[in-house]
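Hi everyone, thanks for making time for this one. I'd like to walk you through a structure and then take comments at the end.

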Amino acid sequence: MRKRAAFTIVQNEPVFLPLWLEYYGRYFDGSDIYVLEHDSDDGSTEGVGARCKLLPVHREKSFDHAWLRSTVAAFQAFLLQSYERVLFAEADEFVLADPCSYSGLDDYVERCQDRVVRCTGFNVVHYPGEEPALHFDKPLLAQRKYWHASRMY
């Protein structure tokens, strides 16, 4: 079995998909990164096949959370037949390991002994007038000082 894989599912993500691939590409080999491509029509997935495995999925509705949940669960189960550990994160979600305990996400994944792990989620927010607009070519978290814990993540 291979050690670890990461995957996401996208539809028209011209901003977040490149950021997602860049971030998770630091911790996972490109041959172990999977992008489920849900009928994007904006060109956002063109050319990313060199950085990951791009797999088409299809559903008539774009916002069908039951389909999304079942698709993700089925693909995770499929990957767990070949990998010891599998991480799923949506294109705008970035899983960070505690820097006081781990050298990076790869270190956390390697040392984790739990069968299942759920993240503590935080929603990083922008308060107009208090912070400048977000620059996607700079570190994202360094540009924001406000966040809220969220049970949804």
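Let's begin at serine 150, which counts as buried because its relative accessibility is 17% and the cut-off for buried is under 20%. This is a predicted model, by the way, so please hear every value as computed from it. Serine 150 belongs to strand S6, residues 146-150. What does serine 150 touch, once we leave aside its neighbours within four places in sequence? The contacts are Gly121 and Phe122.

Phe122 brings us to a patch on the surface. Together with Leu96, Val124, Leu141 and Trp147, Phe122 forms a nonpolar patch with about 520 Å² of accessible area in total. Valine 124, one of that group, sits in strand S5, which covers residues 121-125. Valine 124 is classed as partly exposed, with a relative accessibility of 39%.

Now, over to the sheet. Four strands make an open sheet in the order S3-S2-S1-S4, and the pairing is parallel. From one strand to the next, the twist averages 25°. Strand S1, residues 2-10, pairs with strand S2, residues 33-38, through five bridges in the parallel sense. If you'd like a spot to look at there, find threonine 8, which stands opposite valine 35 in S2.

Which helices go with the sheet? Helix H1, residues 16-25, packs on the sheet and touches S1, S2 and S4, and its direction makes about 165° with that of S2. Helix H2, residues 65-79, lies across S1, S2, S3 and S4, and runs at about 160° to S1.

Let me stay with H1 for a moment. Which residues of H1 are buried? They are Leu17, Leu19, Trp20, Leu21, Tyr23 and Tyr24. These buried residues pack against S1, S2 and S4, and also against helix H3 (105-111).

How many salt bridges does a search of the whole structure find? The search finds nine. In one of the salt bridges, the side chains of arginine 26 and glutamate 22 meet at 3.9 Å, N to O. Arginine 26 counts as exposed, at 52% relative accessibility, while glutamate 22 counts as partly exposed at 46%.

Another salt bridge joins the side chains of glutamate 131 and arginine 144, at 3.7 Å from N to O. Both partners are in the loop between S5 and S6, 13 residues apart. Are these two buried or exposed? Glutamate 131 counts as buried with a relative accessibility of 9%, and arginine 144 counts as buried at 13%.

Finally, there is a network: Lys3, Arg4, Glu84, Arg85 and Glu110 are joined by salt bridges that share partners. Within that group, the side chains of arginine 85 and glutamate 84 meet at 3.6 Å, N to O. Arginine 85 is partly exposed, with a relative accessible area of 22%, and glutamate 84 is partly exposed too, with 40%.

That's my tour, so over to you for comments.

Methods. Residues numbered from 1 in each chain as written. Predicted model: local features only at pLDDT ≥ 70, side-chain atom pairs only at ≥ 80, totals over all residues. Heavy atoms only, no water. Pairing = 2+ DSSP bridges. Helix = DSSP H or I, 4+ residues; strand = E, 2+ residues; numbered from the N terminus. Axes fitted to C-alpha atoms, helices over the stretch in contact; angles between N-to-C directions. Contact = heavy atoms within 4.5 Å. Patch = residues over 30% accessible without salt bridge, like charges linked within 9 Å, V, L, I, M, F, W, Y side chains within 5 Å. Areas by Shrake-Rupley, 256 points an atom, 1.4 Å probe, with all protein chains shown as cover. Salt bridge = Lys/Arg side-chain N within 4 Å of Asp/Glu carboxyl O. Buried < 20%, exposed > 50% of the residue type's maximum accessible area, 1.4 Å probe, protein only.
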